[in-house]
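Please take a look at the structure below.

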Amino acid sequence: MEESAIEKLEVIYDRYVETEGSVISVLQDIQSEFRYIPEDTVYWFSEKSGVPASKFYGVITFYGQFHTKPRGENIIATCCGAVCHVKGSERIFLKLREELSLRGGQDMTADGRFTVEQVSCQGACNVAPVVVVNDKIYGKMSPNKIVKQIKKM
Amino acid sequence: MTVENKIAVHVCNGTGGMVAGGGEVLQAFKDAFAESGVKAEIGDRCSVNGVGCRGLCAREVLVDITVGDEVTTYQYIQPDMVSRLVEEHIIGGTPVEEFMVGKDYHEFLSRQKKIVLADCGRIDPEEIDAYLDVGGYSVVEKTLKTMSPDEVIQLVKKSGLRGRGGAGFPTGVKWELCAKNKADQRYIICNSDEGDPGAVPTLIEGNPHSVIEGMTIGAYAIGADMGFVYIRTEYPLAVERLKKAIDHARERGFLGQSIHGSTFDFDIRIKLGAGAFVCGEETALISSIVGERGMPRAKPPFPADEGLWGKPTIINNTETFANLPHILRNGPEWYSSIGTETSKGTKIIALTGKVRNAGLIEVPMGTTIREIVFDIGGGIPDGKLFKAVQTGGPCGGCVPQEHLDLPVDYENLARVGSMMGSGSMVVLDETDCMVNMAAFFLAFNQAESCGKCPPCRIGTKRLFEILTGIMEGRGRKGDIELLLDLSADIMDSSLCGLGMVAPNPVVSTIRYFRHEYEAHIRHKRCPAKVCRSLLTYFIRADLCRGCGVCAKGCPVGAITGIKKEPHRIDTSACVKCGACYDTCKFNAVLKE
């Protein structure tokens with residue numbers, strides 16, 4: 001692992017070393033630092049803290065928020081909540097995948113520029129369907145609007 | 001907001017408002033006021049603040065301009081419209097009529113009864129003084145000085161307040177169970193992990209201090225000195241405002257040691273959820289707070305006896321806490337005078353889906369679904385017909401036309417096979433397929449099953465497979481009975497609250513829309529024309545102008561034709577993606 005990565009992990013470690021029950025918080029911090037959870041960071045943390053790596057992975061695989069694969073520079077997530085579903089979010093999702101030529105289980109474009117995901121309810125149901133582009137919510141979307149949005153990026 | 005200001009501008013900065021550009025509108029007002037000419041004109045008489053949501057997010061960005069006592073509300077405001085509002089209304093004194101909300105906006109509001117949401121949209125959620133100006137924190141101060149913890153519990157019991165998280169357990173009774181346990185430490189938790197459209201983001205974004213005040217009252221009643229707010233990371237705005245509110249409350253001594261000069265200590269920490277629906281279940285939520293996989297465990301022992309770190313713990317939902325300052329301020333008799341025989345007070349309802357005035361509303365318990373959908377919600381848009389309201393989130397059920405006059409409360413919704421849940425109502429119209437809806441919710445519940453007990457883990461998977469088969473034209477005779485049998489088994493034998501209600505969407509849609517299932521199974525037809533495998537797309541030659549747009553957009557090249565002549569779809573090559581249907585400007589593409 002690179003020196004700079006270890007420095008980042010040290011900071012996270014110091015933040016939580018005294019706090020009970022912080023596995024989730026640690027993983028959230030790692031993910032916000034690295035954009036996903038690289039395998040070696042888990043082993044580094046496990047060794048340093050004495051908490052088995054299996055425990056970290058148990059938590060990582062349980063919660064929908066954690067990603068174990070690298071993600072693209074831009075993250076486009078369509079909401080798959082009930083209201084967005086009724087308002088046609090699936091068609092937006094499929095259109096996005098088609099536009100970015102994503103096939104099968106692939107969710108990141110080959111050049112690493114875009115990742116397409118589905119997210120659970122964002123609480124903005126009144127402007128459904130919503131698409132979250134790099135943490136900014138866009139309401140009242142349609143397949144064509146999102147394609148225009150990507151072309152701008 | 002201070003009283004001496006003569007003109008106040010309130011810009012909606014809830015999630016709905018921000019999505020529509022509320023942040024930019026707020027900035028545009030600030031910029032306009034900073035201009036030297038404007039500043040000289042209005043001096044310091046004018047204030048501008050971002051406020052929480054006032055419900056009608058479909059019309060965002062909403063802006064209130066208050067001159068003296070007169071409030072004018074504007075809708076669909078964008079930054080480039082701000083200069084006109086400033087020049088004509090604020091400086092010139094003449095409201096800009098063409099931007100104003102219509103009569104229907106006032107009807108939307110006048111048919112509601114706002115208690116918990118009363119100050120959302122009126123006060124700046126990031127300013128603690130705004131909350132103090134409307135009497136905030138005075139209730140908790142009075143309570144700490146004049147009432148014993150047991151008196152608080154008895155008062156809450158008398159008010160009839162029931163948990164707003166869905167199950168509707170009486171709040172006072174739960175507290176009493178917790179308080180009578182002998183323990184050196186107790187905890188109180190605010191469950192803000194609601195996933196379906198609900199009150200959580202709006203309440204915390206719009207009036208976070210009311211939740212803090214409510215939690216403090218609860219903590220005092222049960223003797224807890226530490227509280228947690230468990231909130232979803234999907235609500236970043238709410239988390240940020242809550243953090244700010246907790247900091248401000250600490251600075252003023254409303255949290256921390258010796259609150260309001262009493263001997264009572266209490267502080268609150270925020271715990272971010274990590275995206276697991278089952279964590280709304282109490283015991284799973286506790287596992288998640290201590291950093292474990294959020295798996296429920298058997299009850300008893302109930303959290304009120306053995307909860308967080310083995311200590312007696314009370315978990316109430318956000319809306320429940322926000323009700324408390326009002327109940328203590330106005331008395332239990334006042335509160336229990338609102339609502340129905342068994343369900344007191346008001347309920348916040350997230351009204352969404354195929355309805356004109358999508359938004360967050362608050363109505364007295366006992367309001368009928370017809371009043372909610374048609375009077376407040378303004379009915380179904382685009383001339384479509386009402387089909388059902390899906391209530392209670394992914395584990396809820398649907399309420400069809402025949403029950404439109406049902407007064408909404410915990411018991412009534414359960415009686416018709418649905419539930420209150422966190423109070424979401426998704427309106428469905430004639431273009432929604434009920435088999436598809438059931439499958440959608442089942443897919444969700446199956447993915448969110450924690451995997452601990454087989455009936456839920458395997459059973460929901462099998463339900464989903466059968467539903468998928470029906471939607472794809474592989475439905476067989478006996479499938480409906482099999483679905484019902486399996487659902488009953490899952491509901492009977494699951495450990496936690498999620499498994500016990502996970503098959504609800506299936507049971508409820510079969511109960512009221514069995515004919516739609518039968519059409520899929522027997523006739524391989526989807527009456528609402530949603531299930532793709534059962535549809536055929538074709539072009540009506542008399543309507544087609546031969547523009548070629550559909551042929552260009554078809555991903556598999558299944559559409560052919562000569563320019564300016566009617567085109568054709570080769571049904572054997574068609575993948576039924578619907579692209580042609582969406583793009584045809586002449587409505588010449590039909591599906592059947």
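The questions and answers that follow concern a predicted model.

Student: How many Å separate the centres of domain 1 and domain 2 of chain A?
Tutor: Begin with the bounds: domain 1 of chain A covers 3-62, and domain 2 covers 74-152. The C-alpha trace of chain A spans about 50 × 30 × 25 Å along its principal axes. Taken over C-alpha atoms, the separation of the two domain centres is 29 Å.

Student: What share of the residues of chain A counts as buried?
Tutor: A residue is buried if 20 or more other C-beta atoms lie within 10 Å of its own. Chain A has 153 residues. The buried share is 39%.

Student: Which strands stand at the edges of the sheet in chain A?
Tutor: The sheet of chain A is open, with four strands in the order S2-S1-S3-S4 and mixed pairing. Each edge strand has a single partner strand, so one side of each is left without a neighbour in the sheet. Neighbouring strands are turned by 25° against each other on average, direction ignored. The edge strands of chain A are S2 (114-119) and S4.

Student: What is the bridge partner of A:Val131 in S4(A)?
Tutor: Look at S3 of chain A, residues 131-133. S3 pairs with S4(A) in the antiparallel sense, over three bridges. In S4(A), the partner of A:Val131 is A:Tyr138.

Student: At about what angle does H6(A) run to S1(A)?
Tutor: H6(A) lies across S1 (74-79), S2 and S3 of chain A. Its angle to S1(A) is about 150°.

Student: Which element of chain A gives the most to the side that touches chain B?
Tutor: The contact takes 32 residues from chain A and 36 residues from chain B. H2 (23-34), H4 (53-62), H5 (82-86), H6 (89-99) and S4 (136-138) of chain A each supply at least two residues of the side of chain A that touches chain B. That side divides into 17 nonpolar, 12 polar and three charged residues. With four residues, the most comes from H5(A).

Student: Which residues of chain A does B:Val426 touch?
Tutor: B:Val426 lies in S13 of chain B, residues 424-429. With 31 C-beta neighbours inside 10 Å, B:Val426 counts as buried. Leaving out residues up to four places away in sequence, B:Val426 touches B:Thr352, B:Gly353, B:Val389 and B:Gln390 in chain B. In chain A, B:Val426 touches A:Ala82, A:Val83 and A:Val86.

Student: How far apart in Å do the C-alpha centres of domain 1 and domain 4 of chain B lie?
Tutor: Chain B is divided into domain 1 (7-110), domain 2 (128-335), domain 3 (346-429), domain 4 (434-522) and domain 5 (536-591). Between domain 1 and domain 4, the C-alpha centres lie apart by 48 Å.

Student: Which strands are the edge strands of the parallel sheet in chain B?
Tutor: Four strands form this open sheet, in the order S7-S6-S5-S8. Each edge strand pairs on one side only. They are S7 (267-272) and S8 (313-317) of chain B.

Student: Which residue in S6(B) stands opposite B:Tyr187?
Tutor: S5 (residues 187-192) and S6 (residues 226-231) of chain B run parallel. Six bridges join them. Opposite B:Tyr187 stands B:Met226.

How values were computed:
Residues numbered from 1 in each chain as written. Chains lettered and ligands numbered in written order. Predicted model: local features only at pLDDT ≥ 70, side-chain atom pairs only at ≥ 80, totals over all residues. Buried ≥ 20, exposed ≤ 12 C-beta atoms within 10 Å, placed from the backbone. Contact = placed C-beta atoms within 7 Å. Nonpolar A, V, L, I, M, F, W, Y, C, P; charged D, E, K, R; others polar. Domains from an automatic or database assignment. Pairing = 2+ DSSP bridges. Axes fitted to C-alpha atoms, helices over the stretch in contact; angles between N-to-C directions.
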